[in-house]
Amino acid sequence: MLLTIILSCIGALAVLTILIYLYRPIYRPKYLDDLYDCHVIITGGSSGIGKELARQLLHEHGARVTILARNRERLEECRRDLTPNSSDRLLCLSVDISQSYEQVEQAVQQSIRHHLDKSVDILINNAAIFFARPFHQTKPEEFEEMMRINYLGSIYCTQACLPSMRRRGSGRIVLLSSQAGQLGVFGYTSYCSTKFALRGLAESLQMELARENIYITMVYPPDTDTPGFKEENKSKPRETQMINETSGVLTADVVAKKIIRATRQGSFTCSYGLNGALLTCLTCGAQPVTTIREIIGQSLFTSLLRLIMLRVINSFYKLKLIAVLLFVFFPVYTGLSCYIHSSDLTSCNNPFNSTTYNAETFSSVANVYCAKVHVTSLLVSYYGSSSCSATPLASGVMVACCQADLCNDVNANYQVSTLLIFGSLTVLLKFY
Ligand SMILES: NC(=O)C1=CN([C@@H]2O[C@H](COP(=O)(O)OP(=O)(O)OC[C@H]3O[C@@H](n4cnc5c(N)ncnc54)[C@H](OP(=O)(O)O)[C@@H]3O)[C@@H](O)[C@H]2O)C=CC1
Ligand SMILES: CCCCCCCCCCCCCCCC(=O)[C@@H](N)CO
């Protein structure tokens, strides 16, 4: 008996050892301890995520940074912002990374000369353009331009930096993708394609470069509050907005911090929040891994995630109808209840009673809330963290909170009725 137990223990251990050996991470990059005096090139570093990366690398890590972007005024403003006392640690060069390889190469050479002939340690391919628009409203030239900047621009910069990294035998290359580089999203026919292209590039290139101690990091942020994002929002289809809202909005500061960490670790992927982790696990495909945690997570959970994703996608396909229902219902309902409760509401500071109120601000505020309500109910039901009955409740609470936002003074009657009406609406939608 004892012998059998001992033998099976040894057997189990042997199997485990073999499994761990077979499934060890494909490569293990060395952690970059010290970024002081590191030579970093950031494309699109004059705005948003790129600018925040430049700021943190300069001021928190003491790196030497070169920013490549087109607009000279924005570059100059950025230089003043980041180094008010002017410093030779920051070089800003005006170049369009999508025009020609030669121009990009010249800029990289200039950067190397400027930073005391140090070869490039880290290249961050961050520059991109983006907009959300249905396929049939997008011109062929717009597809071309986006591909040229987002994809070819990254190729040119990577090719220009690689020789010096190779010579030294180490380097890190970061490619800014997006959650929209992990799944197709309504309105992103042009943008998604460029980000999917980067994924193919990253997987193939990593296979070539791992033996040379050069590691690639693909970054998949959700919506991030940047000048580019604000511009994009001016003409975003509602469907795109509602889908994107499921992942929330981050600040450039948070996004940049994690990019720097992932780059130092040499992780192949860098994602954000619960949706990010789930999407990265679901879309792992044939990409390399650098940690045992990823191997276990991906091999155990991808099939389950596929099932959940099918439900999520199903709701994305039906968004239009749900959106119409909600967008019609919400303003009408809120208008009515403002009218009914107008005496309660006058006592508190709410925007609907102020003189600046007009129909347009009213419906745009209402629309944002609608999206949030819908998204909350989606999340609650898909993550299965609560039963069906929790969904309308969560939405009701959400609306109640939104209205408390509008009206500093919390009015109980008003909110209870909101909760009930919205609760029943969400139940209807759920069964539909
Ligand atoms: N903000 C978001 O919601 C998200 C962004 N991302 C990705 O993060 C990256 C940065 O986004 P974000 O900070 O919002 O972008 P912004 O639009 O705020 O900034 C883009 C930067 O890229 C530069 N740029 C654009 N085209 C070129 C070009 N042809 N040559 C050189 N530089 C160029 C711009 O400068 P100039 O115009 O002067 O050339 C600017 O500095 C992008 O790759 C984006 O796809 C991913 C997920 C979400
Ligand atoms: C099982 C897993 C469930 C996961 C739910 C899926 C959620 C998808 C959200 C997609 C968000 C895309 C944001 C793109 C932002 C961006 O890149 C732009 N701002 C720039 O153009």
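This is a predicted model: local features need pLDDT of at least 70, side-chain atom pairs count only at pLDDT 80 or more; totals for chains, interfaces and linings use all residues.
The protein chain has 432 residues, of which 50% count as buried. Its secondary structure comprises 16 helices and 9 strands. Among contacts between residues at least 6 apart in sequence, 76% join residues at least 24 apart.

**Ligand 2**

- Ligand 2 is surrounded by 16 residues, and the closest are Phe130, Ser178, Tyr191, Asp223 and Glu232.
- Tyrosine 191 has a polar side-chain atom 2.9 Å from an oxygen atom of ligand 2.
- Aspartate 223 approaches a nitrogen atom of ligand 2, with a polar side-chain atom at 2.7 Å.

**Ligand 1**

- Around ligand 1 there are 31 residues, the closest being Ser46, Ser47, Arg70, Tyr191 and Thr226.
- Isoleucine 97 has a backbone N or O atom 3.0 Å from a nitrogen atom of ligand 1.
- Threonine 226 uses its side chain, in which a polar atom lies 2.5 Å from an oxygen atom of ligand 1.

- Threonine 226 is found in the loop between β7 (223-225) and α7 (227-233).
- Threonine 226 counts as buried because its relative accessible area is 8%, and the cut-off for buried is under 20%.
- Leaving aside residues up to four places away in sequence, threonine 226 touches Gly48, Ile49 and Ala252.

**The second largest pocket**

- The second largest pocket holds about 740 Å³ of space.
- Its lining consists of 26 residues, and those closest to the centre of the pocket are Thr269, Ser271, Thr291, Arg293 and Glu294.
- At least two lining residues come from each of α9 (252-265), β9 (269-271), α10 (273-282) and α11 (292-317).
- Of these elements, α11 gives the most to the lining, with 8 residues.
- Sorted by class, the lining of this pocket has 11 nonpolar, 10 polar and 5 charged residues.

Notes
Residues are numbered from 1 along each chain as its sequence is written. Chains are lettered from A and ligands numbered from 1 in the order in which they are written. Side-chain values use heavy atoms; hydrogens and water are left out. Helices (H or I, at least four residues) and strands (E, at least two) are DSSP runs, numbered from the N terminus. Buried means under 20% relative accessible area, exposed over 50%, partly exposed in between (1.4 Å probe, protein chains only). Contact means heavy atoms within 4.5 Å. On a 1 Å grid over the protein atoms alone, a cavity is a set of points where a 1.4 Å probe fits but cannot get out, and a pocket is an open set with protein on both sides within 12 Å along at least five of seven lines; lining residues have an atom within 4 Å of a point. Grid points are joined across faces, edges and corners, and a volume is the space filled by probe spheres set on the points. Ala, Val, Leu, Ile, Met, Phe, Trp, Tyr, Cys and Pro count as nonpolar, Asp, Glu, Lys and Arg as charged, and the others, Gly among them, as polar. A residue is near a molecule or strand if one of its heavy atoms lies within 4 Å of it. A polar contact is a pair of N or O atoms within 3.5 Å; within protein, one must be able to donate a hydrogen and the other to accept it, and residues adjacent in sequence count only if both atoms are side-chain atoms.
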